[in-house]
Amino acid sequence: MKSLGVLTVCGAELKSLPEGVQRVAAVLQAKGHAHAPVMLDDAARTAQQAADVLGVAVGQIAKSIIFRRKSDDAAVLVVTSGDQRVDEKKVEALVCLDGKRLGRADAEFVKARTGFSIGGVSPLAHVTPSVTLIDESLFRFDEIWAAAGHPHGVFQLSPRQLQTLTGAPVADLALAVDEEKLALQRAISLVTLRARTLDAEADVPSPCISICRMSATTGLCEGCFRTRDEIAIWSRADDASKRKIWQVIEQRMAALKE
């Protein structure tokens with residue numbers, strides 16, 4: 001990815017950015033934020049795409065969800081983790097005090113209210129103020145990444161900095177999820193990140209993420225997706241054998257996602 005620097009973005013560099021990213025960069029610079037926008041080589045229109053490009057867990061992507069408040073046609077922005085789904089009823093309880101509901105925000109509405117296109121909506125620098133809420137799920141992480149006004153633009157921050165930059169309240173806004181399913185998603189995310197180091201490290205890395213518990217349903221370790229036999233032979237296996245085990249692990253994770 002191509003970095004555009006930190007804080008000291010000069011006038012020429014700022015003008016070379018897409019218009020939406022320019023607005024975000026200007027706000028970040030004015031507020032003294034330590035991380036300027038970064039332009040990625042690949043588009044990051046979804047949380048998963050952004051996580052893949054940045055090499056982080058999908059939950060570390062602060063995705064912006066826009067709703068349309070029916071009572072006054074205002075844009076309602078919910079910033080949540082990339083691995084969460086927003087509970088619309090929870091949002092309505094906080095922002096629709098007249099009893100009316102939220103409506104669907106189409107691409108035209110999002111562009112008109114925020115100045116950004118879907119896939120690159122930043123949590124700040126909207127052309128008209130949005131009613132903004134932050135989902136508490138983001139506070140699981142020390143470092144998160146948010147869209148910077150363009151499908152290729154992102155910037156780094158912490159959840160606390162997101163709250164400071166937007167002035168938005170924090171609340172529980174995510175749909176309730178099955179804890180077992182959530183644990184599986186986290187394990188898959190962590191092991192997938194480990195798999196990306198296969199070609200970068202001289203020695204084949206272990207898939208272990210320090211969750212050593214065998215699943216009664218699958219017969220696999222819930223933290224590395226290996227069988228007991230594969231775990232037992234790992235320390236004495238050669239690199240070729242370890243890479244074959246990694247291939248099987250990745251196949252298992254893909255099947256578990258379905």
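**View 1. The buried residues of helix α9 are Lys242, Ile245, Trp246, Ile249, Arg252 and Met253.** These residues lie on the same side of α9 in this predicted model, because they cover an arc of only 125° around the axis. On the face turned away from that buried side, α9 carries the exposed residues Lys244 and Gln251. The helix itself comprises residues 239–257, 19 residues in total, and it reaches 27 Å from its first C-alpha to its last, which is close to the 27 Å expected at 1.5 Å a residue.

**View 2. Strand β3 (residues 61–69) is joined to strand β4 (residues 75–81) by seven bridges.** The two strands run antiparallel, and within this pairing Ile65 of β3 has Val78 in β4 as its bridge partner. The hairpin formed by β3 and β4 has five residues between the strands, and in this hairpin Asp73 takes a positive phi near 65°.

**View 3. Strand β3 is also joined to strand β7 (residues 144–147) and to strand β5 (residues 102–103).** With β7 there are two bridges and the strands run parallel, Ile61 standing opposite Trp145 in β7. With β5 there are likewise two bridges, but here the strands run antiparallel, and Arg68 stands opposite Gly103 in β5.

**View 4. The charged end of Arg226 sits over the ring of Trp234.** The distance from this charged end to the centre of the Trp234 ring is 5.2 Å, while the structure as a whole holds zero aromatic pairs.

Terms used
Residues numbered from 1 in each chain as written. Predicted model: local features only at pLDDT ≥ 70, side-chain atom pairs only at ≥ 80, totals over all residues. Heavy atoms only, no water. Helix = DSSP H or I, 4+ residues; strand = E, 2+ residues; numbered from the N terminus. Expected span 1.5 Å × (residues − 1). Buried < 20%, exposed > 50% of the residue type's maximum accessible area, 1.4 Å probe, protein only. Arc of directions from axis to C-beta. Phe/Tyr/Trp six-rings, centres within 6.5 Å; stacked < 30°, edge-to-face > 60°. Lys NZ or Arg CZ within 6 Å of the ring centre and 35° of its normal. Pairing = 2+ DSSP bridges.
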